[in-house]
Amino acid sequence: FVPGITKEEKRQALEKLRPCFGSSKVLGIYTIDEATGISISSPSLVSKQLMQEGYNLFKEMYPTKLVWYNEGPLEFPGAATLEQARGFDWADIVSIDWYVIPRPSLQDLAETITPMIQTAKRLAGKRDVWFIHQAVPMSIFKDQPETSREPTPEELRLLADLSWQNGLNGI
């Protein structure tokens, strides 16, 4: 929820979703993408307190449903730190994504992704950790046609293998 909404307004919004969350086919809710990065660039849009309040209210209303939160790269040059991310991670499932393609080699890809997965595991603690694999070229987000391409089948296989080898529960 964005700032300035009362708890009652939040409750009413979540109540409108009861037909969805009342279904056994719906496992839970995805809360926010890369909250730490948003908080750094636009601190008025998201806060750790709002994340906690939203999580607690959702779990109060839908205790059997899962809450999923995604973070971008952590602990890399120009990225947020693990400490900056702590407190935004009010969720049952923590995931990370990093669109690293193109990289010059599969070895470089492995050396880049493995530390990121380990950082995500430290953020999640005992909760499930997922890795969101890049499946599209970066040009859909940024105008970089000369350096943008889709991952190859070998790269996708490596990303999945790295997830399992590092003990992640989902991709």
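Biologist: Let's start with Tyr-55: does this residue count as buried or exposed?

Modeller: The general idea is a cut-off on relative accessible area: buried is under 20%, exposed is over 50%, and partly exposed is in between, using a 1.4 Å probe and protein chains only. Tyr-55 has 17% relative accessibility, so Tyr-55 counts as buried. Before we go on, two bits of housekeeping. This is a predicted model, where local features need pLDDT of at least 70 and side-chain atom pairs count only at pLDDT 80 or more, while totals for chains, interfaces and linings use all residues. Residues are numbered from 1 along each chain as its sequence is written, and side-chain values use heavy atoms, with hydrogens and water left out.

Biologist: Got it. How many aromatic pairs does a search of the whole structure find?

Modeller: A pair of aromatic rings is described by the distance of the centres and the angle of the planes. Rings of Phe, Tyr and Trp (its six-membered ring) pair if their centres lie within 6.5 Å; planes under 30 degrees apart are stacked, over 60 edge-to-face, and the rest tilted. Searching the whole structure turns up 6 such pairs. In one of them, the ring centres of Tyr-55 and Trp-90 are 5.9 Å apart with planes at 45°, so the pair is tilted. Because Tyr-55 sits in helix α4 and Trp-90 in the loop between α5 (82–85) and β3 (93–97), the pair ties together parts 35 residues apart in sequence. Trp-90 is partly exposed, at a relative accessible area of 29%.

Biologist: What about Phe-58 and Tyr-62: how do their rings sit?

Modeller: The centres of the Phe-58 and Tyr-62 rings are 5.2 Å apart and the planes are at 45°, so this pair is tilted. Phe-58 is buried, with 3% relative accessible area, and Tyr-62 is buried too, with 4%. Ring pairs also bring in Phe-21, linking Phe-21, Phe-58 and Tyr-62 into a cluster.

Biologist: You keep saying helix and loop. How many helices and strands does the chain have?

Modeller: Helices (H or I, at least four residues) and strands (E, at least two) are DSSP runs, numbered from the N terminus. This chain has 7 helices and 4 strands.

Biologist: Let's walk along it. Where is Glu-34 found?

Modeller: Glu-34 lies in the loop between β1 (28–33) and α3. Its phi is near 55°, a positive value in a residue other than glycine. Glu-34 counts as partly exposed because its relative accessibility is 27%.

Biologist: And Ser-39, which residues does that one touch?

Modeller: Contact means heavy atoms within 4.5 Å. Setting aside residues up to four places away in sequence, Ser-39 touches Val-46 and Phe-88. Ser-39 belongs to helix α3 and is buried, with a relative accessible area of 16%. A polar atom of the Ser-39 side chain also lies 2.7 Å from the backbone oxygen of Thr-36.

Biologist: Where does Leu-45 lie?

Modeller: Leu-45 is in the loop between α3 (35–41) and α4 (48–61). With 45% relative accessibility, Leu-45 counts as partly exposed. Not counting residues up to four places away in sequence, Leu-45 touches Val-2, Pro-3 and Ile-38.

Biologist: Now helix α7. Is Ser-163 there buried or exposed?

Modeller: Ser-163, placed in helix α7, counts as buried at 0% relative accessibility. Leaving aside neighbours within four places in sequence, Ser-163 is in contact with Ile-117, Phe-131, His-133, Leu-168 and Ile-171. Trp-164 is in helix α7 (residues 153–165) as well, but Trp-164 is partly exposed, at 46% relative accessible area. With residues up to four places away left out, Trp-164 touches Asn-169, Gly-170 and Ile-171.

Biologist: Zooming out, what share of the chain's residues count as buried?

Modeller: Of its 171 residues, 39% count as buried. The C-alpha atoms fill a box of roughly 50 × 35 × 30 Å along the principal axes. Among contacts between residues at least 6 apart in sequence, 73% join residues at least 24 apart.

Conventions. A polar contact is a pair of N or O atoms within 3.5 Å; within protein, one must be able to donate a hydrogen and the other to accept it, and residues adjacent in sequence count only if both atoms are side-chain atoms.
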